[in-house]
Amino acid sequence: MFRFSYVFLAVLLASQGLPAAEIRRGLGPEPDSVHIHQAQGLASVNLLRDLREGLVTFDEAGELVPGQASSWQVLDSGKRYRFTLRPDVLWSNGDPVTSLDFVRAWHRAFSPRTAAPTAGLLKDVVNAGKVLKREAEPESLGISAVAPDVLDIVLTKPAPWILEILAHPVSFPLHEDSMDDPLRAPVNGPFLLSDWTPRASIKLTRNPRFHSVSSVQAEAIEYFPIEEPSAELSRYRAGELDITETIPAGRFRWLESNLGEDLRIHPYLGTFWLGINFRDRALGYSRELRQALSLAINRDILVKTVLGAGELPGWSVVPPGITGYEPARLEQSSMSQQQREAEAVRLFRDSGFGADEPLLLELRYNTSGIHRRVAVAVAAMWKQVLGVNSELINEEWKVFINNRSMGVVTQVFRGGWIADYADPSSFLDLFLADNSLNYTFYQGSDFELLMKSAAIATGRSRMELLHQAESRLMKDMVVIPLYYYVSRHLVRPEITGFTDNVRDVHLSRYLGVISESP
């Protein structure tokens, strides 16, 4: 159904003198969507960045560079950005990409019919907040087509991180044809979707109309959705993959010894946590209970024994590594584990639970060996330290995210965040009451006031207010941080263009294969 003419492709690419390598990549779970307005998971975002492109994109090292725009100006003291599109940007059907394609896409992202869950990333655009609250129409958004190749974006306040948001799929353009059918709609990225076998493989082929097609080395990229890291490793060792999405828990030392040349570990702007549903009768109304559950977890054992791939114990929502910001770590992070556990027991009793009032908690996670290992370990620690019984609930990704977003059956759930842009607000905004991604359903008045103050502050004052806001989150124990991510991949030595970076962004357009000498 989605097959591309390989004969046509081969003739066209040969005429352009382009290389014909094919690269096979692990993707993680099956993408939740390939529509720019519905995609949430990392697998979907990575796939969409190969198929489509925004005004801004990333280079091989994960740094921001012009995408569909050739250049931009920062005007009105940082509140207005004017983008000029490249003269050679085309949709895959040959139509030119225009500023109206961006305006059309943004209006649809904010429309009640679409209700893009990631539209909140564009909150700094004029009227975005009102539109999200249904107090204004999408047409009032601060985006306008000045000319077919000129686009203005107006902000409520200076927000230099907006450029990174423009590299996220929610801000990409849409062709007027097949807007609700992403499998058939024209695309503007370096690759085309040529074949998709659900739960098996997703085949992409080089887009001959991409503006920089001459620099795209791979003729085809084949993604393999594999939720289980151990299965991904097996396929890598069997020669079926060139790049993995991750590595299995507990195999770091073995991989270091046996596949050391292929192993790639690098710091990453992401935090893994356990989310807490504040609508739950017990969890939502007892801060002492939430704090006790956090302190009973031995993070050192978790990262060294359960995970074992270079992760660091997590004591804050915002990970280290953001320039100019010091994360608000839990005070108990400086205690010994024995002291933490003693404090956990005290707080647990203060919450009203104990031997006479046992507690049963559901711990929900999406299908993955590593998530199961973490869940089993956490449940064991809760049982040993507090006597809490846990029911582990394993769900496929799409079922999991639906239950998490509904907030009806969830109690404690696997969570976490990878920065959409390198700023503390990328993490802290998740807990605002009106954020559609606030799966904890937390509503903290002090936190909201601090975030509002930070929204109109600049420089050090802004960072200090954000630090205070994060401190409030940690005091209320909205989530239980467990560890900070590292990126971890296996990459065959003959693959070129895979550069480690803190964003862990590796666009397929830069990948190539060293050809063997005849």
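Start by selecting strand β15, residues 412-418: five of its seven residues are buried, so the strand is largely enclosed by the rest of the structure. Here, buried means under 20% relative accessible area, with exposed being over 50% and partly exposed in between (1.4 Å probe, protein chains only). Strands (E, at least two residues) and helices (H or I, at least four) are DSSP runs, numbered from the N terminus.

Before going on, note that this is a predicted model, in which local features need pLDDT of at least 70 and side-chain atom pairs count only at pLDDT 80 or more, while totals for chains, interfaces and linings use all residues. Residues are numbered from 1 along each chain as its sequence is written, and side-chain values use heavy atoms, leaving out hydrogens and water.

**The neighbours of β15**

Which strand runs antiparallel to β15, joined to it by seven bridges? Select β11, residues 263-276, and you have found it. Within this pairing, look for Phe272 opposite Gly416. Two strands count as paired if DSSP finds at least two bridges between them.

**Into the core**

Next, select Trp382, Phe431 and Leu482, the residues with the most contacts inside the largest nonpolar core, which has 77 residues. Such a core is a set of buried Ala, Val, Leu, Ile, Met, Phe, Trp, Tyr and Cys residues joined through side-chain atoms within 4.5 Å. Helix α11, residues 369-386, gives the most to this core, with nine residues. Zoom in on Leu482: not counting residues up to four places away in sequence, Leu482 touches several others, including Phe272, Trp273, Ile297, Pro313 and Val378. Contact means heavy atoms within 4.5 Å. A second, separate core has 63 residues, among them Ile143, Ile165, Leu193 and Tyr223.

**Two open sheets**

Strands of a sheet pair through backbone hydrogen bonds, either parallel or antiparallel. Select β4, β5, β7 and β6, which form an open antiparallel sheet in that order. At the edges are β4 (69-75) and β6 (143-147), each with a single partner strand, so one side of each has no neighbour in the sheet. From one strand to the next, the twist averages 25°; axes are lines fitted to C-alpha atoms, for helices over the stretch in contact, and angles run from 0 to 180 degrees between N-to-C directions. Between β5 (80-85) and β7 (150-154) there are five bridges, and Arg80 has Val154 as its partner. Then show helix α3, residues 99-110, which lies across β5, β6 and β7 at about 165° to β6.

The other open sheet has the order β1-β10-β9-β8, with mixed pairing. Its edge strands are β1 (21-28) and β8 (191-197). Find Lys203 and its bridge partner Glu222 in β10.

**Last stop: the largest pocket**

Finish with Lys123, Gly129, Leu132, Leu432 and Asp434, the closest to the centre among the 47 residues lining the largest pocket. About 1,200 Å³ of space lies inside. On a 1 Å grid over the protein atoms alone, a pocket is an open set of points where a 1.4 Å probe fits, with protein on both sides within 12 Å along at least five of seven lines, and lining residues have an atom within 4 Å of a point. Grid points are joined across faces, edges and corners, and the volume is the space filled by probe spheres set on them. Colour α14 as well: five residues, the largest share of the lining, come from this helix.
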